[in-house]
Amino acid sequence: MRLILASASPRRRDLLGQIGVVPDAVDPADIDETPLKAELPAAYAARVAAEKGVTVAARHPGALVLSGDTVVAVGRRILPKAESEADARACLALLSGRRHRVLSAITLIDGEGCARHRLSDNIVIFKRLEQPEIDAYIASDEWRGKAGGYAIQGRAAGLIRTIMGSHSAIMGLPLYETRTLLKAAGYLSD
Ligand SMILES: Cc1cn([C@H]2C[C@H](O)[C@@H](COP(=O)(O)OP(=O)(O)OP(=O)(O)O)O2)c(=O)[nH]c1=O
């Protein structure tokens, strides 16, 4: 069975490799990721993961297609992927000293077009960030393109007091749920 990873994220490919799975091809979906009006974070993550999967599955008939979406949320608010320094500073100001959620949704579509979905709901708590800590983090550039303006796999780990949930999910691909779906689809046997 061919496995297609529907993601441009090198992190997702590396994470998949961590559980011994190497996709036959990588084909990013590149869809519009604008949240709908009043869309809640969990529903948004699930919808975007599913849309990425459906888009890519149409290009690979008969293959298994794995897609995902990772969202950082404070209450009902979905934080953007930080593209500018101003975005990243606004995210860090919001995350400083308080808990937030990281929702990581995955979809696996099998060769018959049957879609399976999982959502991993995680909590991350940053320390109260001092101005020099924020400035140093901004200078690192690690926030660029990251949901919520940080990446737990880098320097931000030194600023995070607690996580409740799955480290792989916070990075972008919940490996427990991924393995479960790959087993359910008959791709992995053990
Ligand atoms: C919170 C957090 C997010 N991120 C990243 C993972 C994702 O790249 C990004 C969330 O955006 P996504 O839309 O989930 O993924 P992507 O745009 O990188 O790739 P694709 O849509 O093609 O699958 O934020 C981290 O790397 N570390 C973290 O701790």
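A polar side-chain atom of Ser 7 lies 2.7 Å from an oxygen atom of the ligand, a polar contact being a pair of N or O atoms within 3.5 Å. In this predicted model, local features need pLDDT of at least 70 and side-chain atom pairs count only at pLDDT 80 or more, whereas totals for chains, interfaces and linings use all residues. Residues are numbered from 1 along each chain as its sequence is written, and side-chain values use heavy atoms, with hydrogens and water left out. An N or O atom in the side chain of Arg 12 is 2.5 Å from an oxygen atom of the ligand, and for the side chain of Asp 69 the corresponding distance to a ligand oxygen is 3.0 Å. Of the 600 Å² of accessible area that the ligand has on its own, the protein covers 94% (Shrake-Rupley method, 1.4 Å probe).

The ligand is surrounded by 19 residues, the closest being Ala 8, Arg 11, Arg 12, Lys 52 and Lys 81, where a residue is counted if one of its heavy atoms lies within 4 Å of the ligand. By class, this shell comprises 8 nonpolar, 4 polar and 7 charged residues, with Asp, Glu, Lys and Arg counted as charged and Gly among the polar residues. Helix 1 (10-18), strand 3 (64-74) and helix 5 (167-171) each supply at least two residues of the shell, and the largest share, 3 residues, comes from strand 3; helices (H or I, at least four residues) and strands (E, at least two) are DSSP runs, numbered from the N terminus.

The structure also holds 1 aromatic pair (ring centres within 6.5 Å; planes under 30 degrees apart are stacked, over 60 edge-to-face and the rest tilted). The rings of Phe 126 and Tyr 150 have centres 4.9 Å apart and planes at 85°, so the pair is edge-to-face.

Notes. Polar contact = N/O pair within 3.5 Å; in protein donor to acceptor, adjacent residues only side chain to side chain. Phe/Tyr/Trp six-rings, centres within 6.5 Å; stacked < 30°, edge-to-face > 60°.
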